[in-house]
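Please read it beside the sequence and the model.

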Amino acid sequence: MLIRLAPHSSSALHEQVARALRTAIVNGDVRNGERLPSARTLAESLGINFHTVLRAYQDLRDEGLIELRRGRGAVVTGLPEPARDAAAEILDEAAARLGTLGVAPEVILSMLRQRLQPEGTP
């Protein structure tokens, strides 16, 4: 799994690490039950502080994509394959239908983010 960081990005480093890992988990590149590298090991390989990786791991834990286990590290729990496949099918259908309406991808993402925000959060 290759993680590339953009130090000058407007996204914080922990968000970039979490996004790369989230993508790998959702795409099935990292399977349920697999262990992620220790925070220290991943931080060293990326040349960043290990607390940055810990924060990314905590975000993924809060999203239900990994478990943090004492002595075992970060273990992928991910989405069960049937749920991942069903979600992909729904999103494919929505993308196709919105595309026929001429809605720009940026607008679709904005609308989706808005609907995913809990009420009262910016």
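## Salt bridges

R61 forms a salt bridge (a side-chain nitrogen of Lys or Arg within 4 Å of a carboxyl oxygen of Asp or Glu) with D62, and their closest N and O atoms are 3.1 Å apart. The model is a predicted one, in which local features need pLDDT of at least 70 and side-chain atom pairs count only at pLDDT 80 or more, while totals for chains, interfaces and linings use all residues. Residues are numbered from 1 along each chain as its sequence is written, and side-chain values use heavy atoms, with hydrogens and water left out.

The structure holds four salt bridges. Among them is the pair of E63 and R22, with the closest N and O atoms 2.8 Å apart; E63 lies in the loop between α3 (50-62) and β1 (66-69) and R22 in helix α1, so the pair ties together parts that are 41 residues apart in sequence. Helices are DSSP runs of H or I with at least four residues, strands are runs of E with at least two, and both are numbered from the N terminus.

## Exposure of the paired residues

D62 is exposed, with a relative accessible area of 58%, whereas R61 at 39% counts as partly exposed; buried means under 20%, exposed over 50%, and partly exposed in between (1.4 Å probe, protein chains only). E63, at 41%, and R22, at 27%, are also partly exposed.

## A buried histidine

H14 lies in helix α1 (residues 13-26) and is buried, with a relative accessible area of 9%. Leaving aside neighbours within four places in sequence, H14 is in contact (heavy atoms within 4.5 Å) with T52, R55, A56 and D59.
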